[in-house]
Amino acid sequence: MSGKSRLKPDSVTGKTLKMPKRKQILYASRFTFHFYSYLCSVKIKEVLCALEQFAPLPLQESWDNAGLQVGLTETEVSGALLCLDVTEAIVDEAIQKGCNLVVSHHPLLFRGLKTISDLTDVQRTVRKAIQHDLCVISMHTNMDNALGGVNARIAQKLGLQDVVFLTEKRVDGIVAGSGVIGTLPSALAADDFVLAVKRTFGVECAMCNELLRRPVRRVAICGGAGDFLLDDALKAGADAFITGEMHYHQYFGYEQQIQLCVIGHYQSEQFTAEIFQEIIEQACPGVRTEIAATCTNPILYL
Ligand SMILES: [Zn+2]
């Protein structure tokens, strides 16, 4: 029997009971290493590349900071935790689940950090991510504006048909756009429409204007803070407009023109992690992906 095979565990029990302690440790580390290599032959930069291929960075808005936030991309992926916001709790979940990559929708870093200490949640999150060799990638307005992005996913969840961008643009020859509009398979009375939206997004309450007295068929969508698209939705002939948040004064003056249905920022973008998961599973098979269990919505409904 060679020295190498003596280090193998019993094929049935998997135990290495009679092995001297030093060899057990040697075997454990070799085994762990090989097992790790088998699972993690993909580098973080390959995942980043796949995400950027789907949602190219030039599609992001000028004020945004999508892309790599923290970490080294030459490292192999041990797992990717997918979420909406990067908080300390999300970093803790990634560590606990053995994921060295966090992919979020909202960027961890919007503005430059002049201090990295423990004064703010962002500072603490950056410190913890670096301490634990985590990499953070964010796909924000580039994912909003990409074909098949955040709003297309919402439209799919609602079963809309013939979905197109609300305002289409071309960036570096790439077709992109803000918001989407599509048609319900059958028209719904406004109260039934609101019920269907609440059910789809799992919300107990939606903020709406006066119920429309005509049926809802054409539906415009902008996840997150989408009020800037309200007039475009109206011009495009939408019966209803779904978004995540809107200012109080913007609810005025649209009675019987368009059904406003505001469901919460976090709730409206909750399906974004599924898009990340599909991109990674398709482009980087074998990379373990986990949709975060931590709810990062800072708003409580009491
Ligand atoms: Zn958002």
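The model is predicted, so local features need pLDDT of at least 70 and side-chain atom pairs count only at pLDDT 80 or more, while totals for chains, interfaces and linings use all residues. Residues are numbered from 1 along each chain as its sequence is written. The chain comes to eleven helices and eleven strands; these are DSSP runs numbered from the N terminus, with at least four residues for helices (H or I) and at least two for strands (E).

**Confidence and overall make-up**

- The mean pLDDT is 89, and 87% of the residues reach 70 or more; pLDDT is the predictor's confidence in each residue, from 0 to 100.
- Residues 1-37 are the stretch to treat with care: pLDDT stays under 50 there, and the model has twelve contacts beyond four places in sequence for them. Where pLDDT is low, the predicted coordinates should not be read in detail.
- Of the 302 residues in the chain, 36% are buried. Buried means 20 or more other C-beta atoms within 10 Å of the residue's own, exposed means 12 or fewer, and partly exposed lies in between, with C-beta atoms placed from the backbone.
- Among contacts with a separation of 6 or more, 65% join residues 24 or more positions apart. A contact here is two C-beta atoms, placed from the backbone, within 7 Å.

**The six-stranded sheet**

- The order is E5-E6-E8-E9-E10-E7, in an open sheet with mixed pairing. E5 (161-171) and E7 sit at the edges with a single partner strand each, so one side of each has no neighbour in the sheet. Two strands count as paired if DSSP finds at least two bridges between them.
- E5 and E6 (residues 174-188) run antiparallel over eight bridges, with Gln-161 opposite Thr-183 and Lys-169 partnered by Ala-176.
- Those two strands form a hairpin with two residues between them, and Asp-172 in the turn has a positive phi of about 50°.
- E6 also pairs with E8, antiparallel over five bridges; Thr-183 has Arg-218 of E8 as its bridge partner.
- E9 (residues 240-245) and E10 are parallel over four bridges, with Phe-241 opposite Leu-260.
- On E10's other pairing, E7 (residues 207-208) joins in the antiparallel sense over two bridges, and Cys-208 stands opposite Cys-261.
- In E10 (residues 259-262), Gln-259 and Cys-261 point one way, Leu-260 and Val-262 the other, and all are buried. In a regular strand the side chains alternate between the two faces of the sheet.

- H7 (residues 150-158) lies across E5, E6 and E8 (216-225), at about 140° to E8. Angles run from 0 to 180 degrees between N-to-C directions, using lines fitted to C-alpha atoms, for helices over the stretch in contact.
- H8 (residues 190-201) packs on the sheet too, touching E6, E7, E8, E9 and E10, and its direction makes about 20° with that of E10.

**The five-stranded sheet**

- This one is also open and mixed, in the order E1-E4-E3-E2-E11. E1 (67-70) and E11 (289-291) are the edge strands, each pairing on one side only.
- Ignoring direction, neighbouring strands are turned by 25° against each other on average.
- E3 (residues 101-104) and E4 (residues 135-138) are parallel over four bridges, and Ser-104 has Ser-138 as its bridge partner.
- H4 (residues 88-96) packs on this sheet, touching E2 (80-83) and E3, at about 150° to the direction of E2.

- The largest nonpolar core has 73 residues, and Ala-80, Leu-101, Val-102 and Phe-241 have the most contacts inside it. Such a core is a set of buried Ala, Val, Leu, Ile, Met, Phe, Trp, Tyr and Cys residues joined through C-beta atoms within 7 Å.
- The core draws at least three residues from each of domain 1 (44-140 + 271-291) and domain 2 (144-268); the bounds come from an automatic or database domain assignment.
- Beyond four places in sequence, Leu-101 touches Ile-44, Val-47, Val-77, Gly-79, Ala-80, Cys-135 and Ile-137.
- Ala-220, in strand E8, counts as buried because it has 28 C-beta neighbours inside 10 Å.
- Leaving aside neighbours within four places in sequence, the contacts of Ala-220 include Leu-166, Ile-181, Ala-238 and Phe-241.
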